[in-house]
Amino acid sequence: QVQLVESGGGLVQPGGSLRLSCAASGGIFSLYTMGWYRQTPGKQRELVASIISGGSTNYADFVKGRFTISRDNAKNTAYLQMNSLQPEDTAVYYCFATRPRYPVYWGQGTQVTVSS
């Protein structure tokens, strides 16, 4: 059983930056694909970014060039650096961890609000 604890959300002005962290415990972190989805009221959860165990990354088109996902296997933590934030980035961001033949594990979610 993998537990994920997120941190780093908050309120930021348009054009600002935030860094989300996702600390994992209970599994072999280096074997998991890590990533974030986000969700706003009335919309489906959408994939933001992911990073596989080998370090290759994948981004949604709407965050390319602005967000960077990374991982520190020694600290069992994944990060999402979010730059040039815009009001449309406002959402609850959920960290996830997954690997073949295992369940998908989710963090508790962290609110990101972009507003002046």
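Reply: Two strands are taken as paired if DSSP finds at least two bridges between them. The model is a predicted one. With that criterion, 4 strands form an open sheet in the order 1-3-8-7, and their pairing is antiparallel. The edges of this sheet are strand 1 (3–7) and strand 7 (67–72), each of which pairs on one side only. From one strand to the next, the twist averages 15°.

Strand 1 may be followed into strand 3. These two strands run antiparallel and are joined by 5 bridges. Leu 4 has Ala 24 of strand 3 as its bridge partner. Strand 3 also holds Ser 21, which counts as buried at 14% relative accessibility. Leaving aside residues up to four places away in sequence, Ser 21 touches Val 5, Glu 6 and Ser 7, together with Trp 36, Thr 77, Ala 78 and Tyr 79.

Cys 22 and Cys 95 form a disulfide, with their sulfur atoms 1.9 Å apart. The count of disulfides comes to 1. The torsion about the S-S bond of Cys 22 and Cys 95 is about -80°, and the disulfide is therefore left-handed. Because Cys 22 lies in strand 3 (residues 18–25) and Cys 95 in strand 9, the pair ties together parts that are 73 residues apart in sequence. Cys 22 and Cys 95 are both buried.

Strand 4 pairs with strand 5 (residues 46–51) in the antiparallel sense over 5 bridges, and Tyr 37 stands opposite Leu 47 in strand 5. The two strands form a hairpin with 6 residues between them, and Gly 42 in the turn has a positive phi of about 85°. Strand 5 then pairs with strand 6 (residues 57–59), again in the antiparallel sense, over 3 bridges. Here the bridge partner of Ala 49 is Tyr 59 in strand 6. Strand 5 and strand 6 also form a hairpin, with 5 residues between them and with Gly 55 in the turn at a positive phi of about 105°.

A pair of aromatic rings is described by the distance of the centres and the angle of the planes. There are 5 aromatic pairs in the count. One of them joins Tyr 37 and Trp 106, edge-to-face, at 5.5 Å centre to centre and with 65° between the planes. As Tyr 37 lies in strand 4 (residues 33–39) and Trp 106 in strand 10 (residues 105–106), this pair ties together parts that are 69 residues apart in sequence. Tyr 37 is partly exposed, at a relative accessible area of 25%, and Trp 106 also counts as partly exposed, at 37%.

Trp 106 takes part in a second pair, with Phe 96, which is tilted: 5.8 Å centre to centre and 50° between the planes. Phe 96 is in strand 9 (residues 91–98) and Trp 106 in strand 10, 10 residues apart, and the pair links distant parts of the chain. Phe 96 counts as buried, at 7% relative accessibility. The ring of Trp 106 also has a charged neighbour, for Arg 45 lies over its face at 4.7 Å from the ring centre. Elsewhere, Tyr 32, Tyr 102 and Tyr 105 form one aromatic cluster.

Most residues other than glycine have a negative phi. Ser 84, by contrast, has a positive phi, near 50°. Ser 84 lies in the loop between strand 8 (77–82) and strand 9 and is partly exposed, with a relative accessible area of 37%. Arg 101, likewise not a glycine, has a positive phi of about 70°. Its place is in the loop between strand 9 and strand 10, where Arg 101 is exposed, with a relative accessible area of 82%.

Terms used
Residues are numbered from 1 along each chain as its sequence is written. This is a predicted model: local features need pLDDT of at least 70, side-chain atom pairs count only at pLDDT 80 or more; totals for chains, interfaces and linings use all residues. Side-chain values use heavy atoms; hydrogens and water are left out. Rings of Phe, Tyr and Trp (its six-membered ring) pair if their centres lie within 6.5 Å; planes under 30 degrees apart count as stacked, over 60 as edge-to-face and the rest as tilted. Buried means under 20% relative accessible area, exposed over 50%, partly exposed in between (1.4 Å probe, protein chains only). A charge sits over a ring if NZ of Lys or CZ of Arg is within 6 Å of the ring centre and within 35 degrees of the ring normal. A disulfide is a pair of cysteine sulfur atoms within 2.5 Å. Contact means heavy atoms within 4.5 Å. Axes are lines fitted to C-alpha atoms, for helices over the stretch in contact, and angles run from 0 to 180 degrees between N-to-C directions.
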